[in-house]
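Here are my notes on the model, point by point. Please read them with the structure open.

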Amino acid sequence: MKSWKRVAALTLAVSAAAAGALGGTLIYLGWYDVSATKPHTIAVHHLMDVALARSVQAHSANVVVPDLDGPGRIQNGSRLYRAHCAQCHGGPGVAPQPYALGLNPAPAALVATARQRSAAEVFWITRQGIKMTGMPAWQYRLTDTEIWDVVAFLRVLPTLSPAQYQEGDDGQRPAAPAPAPAEHARVGDARAGRDALQQYLCVTCHAIPGVPGAWNYVGPSLAGVGGRPYIAGVLNNTPANMQQWLRAPGAIKPGTAMPDLGVTEQDARDIAAFLRTLSD
Ligand code: HEC
Ligand code: HEC
């Protein structure tokens, strides 16, 4: 081996060992923050997205997709979706349950997933679950036929309006808005608002510049939202109106696909303060 190559190899090995030792020490000292309220950095988020995408692609490559248009499939899938999935993933105009809002990573809005992923991939994820997230494996709870029924329903989910989705309602109700705690009101804090975006699943539906995981288009991109004249095309874009929109979009624009997420008054003030910073 040429001597420069040996030096390069040695330098790489020593740097890798040093990085590993440093990482290990930081973890051992308890400096790594495992709390669900602390978002991952953009880099870690991207890495996890790539790992998930590649793993799912590789493992679902040999899945054989059956006829998804068979009789009763979509109806049965709709029933199973409401019974087992909507609690975490929500539906058009329907928010997930409060416990699901606190998950990190946040459960995706499946209207977006159904467009982005193939039927084989959705089947594989639903059957196997995803490690280190709140996504359960359904293999031992649902038969393969039932999982395919859910996949068949997910294919039509993006075509359902909030009214159509809620018509087929069989017990699943929108989460009641959480009562605003009587805490000391303070002015909106943009930093706190940025953290709250993760906890109310805003990131699963909107593209928001600089926010990890927020690269979804179920709703409009929030880039430049602070500089727009109207909110959702119906309200003047003032801080007070923005808070109102965030707390009760359905009351302001009946039939909107943005669900009522039970945002508290203070969190709405903080998020509105953050959204003001998004003008370009
Ligand atoms: C306890 C909460 C919970 C339940 C119940 C749940 N999921 Fe999930 N799901 C998650 C979380 C958390 C993730 C991982 C984050 C992400 O990528 O969305 C996830 C991810 C997924 C994904 C991949 C999304 C993507 O775009 O990467 C699919 C597909 C999915 N779930 C389908 C289902 C189906 C179908 C059901 C019902 C049979 C279901 N989930 C029930 C929490 C849940
Ligand atoms: C389930 C998906 C979903 C979630 C979760 C969600 N939104 Fe939305 N959002 C939408 C959709 C769809 C619209 C378009 C509404 C319309 O025009 O009727 C929208 C509209 C908006 C608008 C108006 C944008 C404009 O161009 O006028 C803002 C601001 C907004 N959302 C912020 C948020 C924030 C902040 C959160 C978290 C508290 C959030 N959204 C959570 C789907 C969602």
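1. A contact here means heavy atoms within 4.5 Å. On that basis Val211 touches Ile42, Arg194, Leu197, Gln198, Val203 and Phe274, leaving out residues up to four places away in sequence. Val211 sits in the loop between helix 11 (202-205) and strand 1 (230-231). Helices (H or I, at least four residues) and strands (E, at least two) are DSSP runs, numbered from the N terminus. Val211 has 1% relative accessibility, so it counts as buried. Buried means under 20% relative accessible area, exposed over 50%, and partly exposed in between, with a 1.4 Å probe and protein chains only. Between the C-alpha atoms of Val211 and Gln164 there are 32 Å in space, and the two are 47 residues apart in sequence.

2. Some ground rules. This is a predicted model, in which local features need pLDDT of at least 70 and side-chain atom pairs count only at pLDDT 80 or more, while totals for chains, interfaces and linings use all residues. Residues are numbered from 1 along each chain as its sequence is written, chains are lettered from A and ligands numbered from 1 in the order in which they are written, and side-chain values use heavy atoms, with hydrogens and water left out.

3. The overall picture. The protein has 14 helices and two strands. Its C-alpha atoms fill a box of roughly 70 × 55 × 35 Å along the principal axes. Of its 280 residues, 37% count as buried. Take the contacts between residues at least 6 apart in sequence: 62% of them join residues at least 24 apart.

4. Which residues coordinate the iron atom of ligand 1? His89 (NE2) and Met135 (SD) do, at 2.0 to 2.2 Å. His89 is in helix 4 (residues 86-89), and Met135 is in the loop between helix 7 (119-128) and helix 8 (144-156). The pair is 46 residues apart and links distant parts of the chain. Both His89 and Met135 are buried. Donors are N, O and S atoms within 2.8 Å of the metal (3.2 Å for Na, K and Ca); water is not among the atoms, so sites may look incomplete.

5. Why is the arrangement around the iron atom of ligand 1 octahedral? The six donor atoms subtend angles of 87 to 179 degrees, which makes it so. Six donors count as octahedral if opposite donors are over 155 degrees apart and all others between 65 and 115. Ideal angles for six octahedral donors are 90 or 180 degrees.

6. The shell of ligand 1. There are 21 residues around ligand 1, and the closest are Cys85, Cys88, His89, Ala108 and Met135. A residue is near a molecule if one of its heavy atoms lies within 4 Å of it. An oxygen atom of ligand 1 lies 2.8 Å from a polar backbone atom of Ala108. A polar side-chain atom of Thr113 is 2.8 Å from an oxygen atom of ligand 1. For Arg117, an N or O atom in the side chain is 2.8 Å from an oxygen atom of ligand 1. Helix 4, helix 6 (110-116) and helix 7 each give two or more residues to this shell.

7. His206 lies in the loop between helix 11 and strand 1, and Met258 in the loop between helix 13 (249-252) and helix 14 (265-276), so the pair ties together parts 52 residues apart in sequence. His206 has 10% relative accessibility, so it counts as buried.

8. The shell of ligand 2. Of the 23 residues around ligand 2, Cys202, Cys205, His206, Arg228 and Met258 come nearest. An N or O atom in the side chain of Arg228 is 2.4 Å from an oxygen atom of ligand 2. For Lys253, a polar side-chain atom lies 2.9 Å from an oxygen atom of ligand 2. Helix 12 (239-247) is one of the elements that give two or more residues to the shell. Its share, three residues, is the largest.

9. At 5% relative accessibility, Gln266 counts as buried. Its side chain makes a polar contact of 2.7 Å with that of Arg269. A polar contact is a pair of N or O atoms within 3.5 Å; within protein, one must be able to donate a hydrogen and the other to accept it, and residues adjacent in sequence count only if both atoms are side-chain atoms.

Technical notes
Four donors count as tetrahedral if all angles lie between 85 and 135 degrees; four count as square planar and six as octahedral if opposite donors are over 155 degrees apart and all others between 65 and 115; anything else is irregular.
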